[in-house]
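Here is a short briefing to read alongside the structure.

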Amino acid sequence: MAYGAELEQAATAARLDEELRFLLTAHTPVQRAIGSMLATLLQDSALLDLGYALRKDYLREQLGIGVREAQELAWLETHVVRYPETDRLWRAGRLSRCHVRLILRHVGAQPRAHARRPA
């Protein structure tokens with residue numbers, strides 16, 4: 001392969017990599033909005049207003065997602081606000097949903113420093 005062709009292939013690979021990284025982070029705002037709306041919808045009796053007695057039926061039939069995914073999206077949105085830096089990095093696309101889930105589960109298990117005050 002000629003040197004020019006190698007450079008062009010490398011430039012194409014770099015461009016494709018850049019575009020793939022963009023697309024992988026572009027869905028974050030949509031996921032966040034869905035999680036926020038689900039957190040509200042799943043708390044209230046709003047599903048009954050829509051004619052659904054079961055969450056799973058509404059989630060599968062209307063949204064095409066499973067209960068676990070919906071619960072996770074809603075859980076992440078309600079808990080990430082307690083950790084502003086994690087929230088900021090997730091909004092910026094620097095952390096994936098999987099990373100945020102792992103962080104929140106880890107820090108949620110840790111005792112809070114302000115909760116341990118000497119008597």
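A polar contact is a pair of N or O atoms within 3.5 Å, where one must be able to donate a hydrogen and the other to accept it. In this predicted model, the side chains of Arg32 and Glu77 make such a contact, at 2.3 Å. Let's start from the whole protein and come back to that pair.

**Overall layout**
- The protein has seven helices and zero strands, and from the N terminus on its elements run α-α-α-α-α-α-α.
- Of its 119 residues, 26% count as buried.
- Among contacts between residues at least 6 apart in sequence, 51% join residues at least 24 apart.

**Nonpolar cores**
- The largest nonpolar core holds 13 residues, and those with the most contacts inside it are Leu38, Leu47, Tyr58, Leu59 and Ala70.
- Helices α2, α3 (46-49), α4 (55-63) and α5 (67-80) each supply at least two residues of this core, and the largest share, four residues, comes from α2.
- Ala70 touches Leu38, Leu42, Leu59 and Ile65, when residues up to four places away in sequence are not counted.
- A second, separate core has seven residues, including Leu76, Tyr83, Trp90 and Leu95.

**Helix α6 and what follows**
- Which residues of helix α6 (residues 84-91) are buried? They are Thr86, Asp87 and Trp90.
- These residues lie on the same side of α6 because they cover an arc of only 100° around the axis.
- After α6 comes Gly93, which has a positive phi, near 80°.

- Arg32 sits in helix α2 (residues 28-43).
- Is Arg32 buried or exposed? Arg32 counts as buried because its relative accessibility is 4%, below the 20% cut-off.
- Leaving aside neighbours within four places in sequence, Arg32 is in contact with Glu77, Val80, Asp87, Trp90 and Arg91.
- A network of salt bridges links Arg32, Glu77, Asp87 and Arg91.

**Other salt bridges**
- Side chains of opposite charge can pair when their charged atoms come close.
- The count of salt bridges comes to nine.
- In helix α1 (residues 3-26), Glu19 and Arg15 are four residues apart, so about one helical turn separates them. Their salt bridge has its closest N and O atoms 3.4 Å apart.
- Both ends of that pair are partly exposed, with relative accessibility of 40% for Glu19 and 42% for Arg15.
- Arg21 and Asp17 also form a salt bridge (3.0 Å, N to O), and they too are four residues apart in α1, or about one helical turn.
- Here Arg21 counts as exposed at 55% relative accessibility, whereas Asp17 is partly exposed at 36%.
- The side chains of Glu69 and Arg97 meet in a salt bridge at 3.6 Å, N to O. Because Glu69 lies in helix α5 and Arg97 in helix α7 (residues 97-109), this pair ties together parts that are 28 residues apart in sequence.
- Glu69 is partly exposed, at 34% relative accessibility, while Arg97 is buried, with a relative accessible area of 16%.

Definitions and conventions
Residues are numbered from 1 along each chain as its sequence is written. This is a predicted model: local features need pLDDT of at least 70, side-chain atom pairs count only at pLDDT 80 or more; totals for chains, interfaces and linings use all residues. Side-chain values use heavy atoms; hydrogens and water are left out. Buried means under 20% relative accessible area, exposed over 50%, partly exposed in between (1.4 Å probe, protein chains only). The arc is that of the directions from the helix axis to the C-beta atoms. Contact means heavy atoms within 4.5 Å. A nonpolar core is a set of buried Ala, Val, Leu, Ile, Met, Phe, Trp, Tyr and Cys residues joined through side-chain atoms within 4.5 Å. A salt bridge is a side-chain nitrogen of Lys or Arg within 4 Å of a carboxyl oxygen of Asp or Glu.
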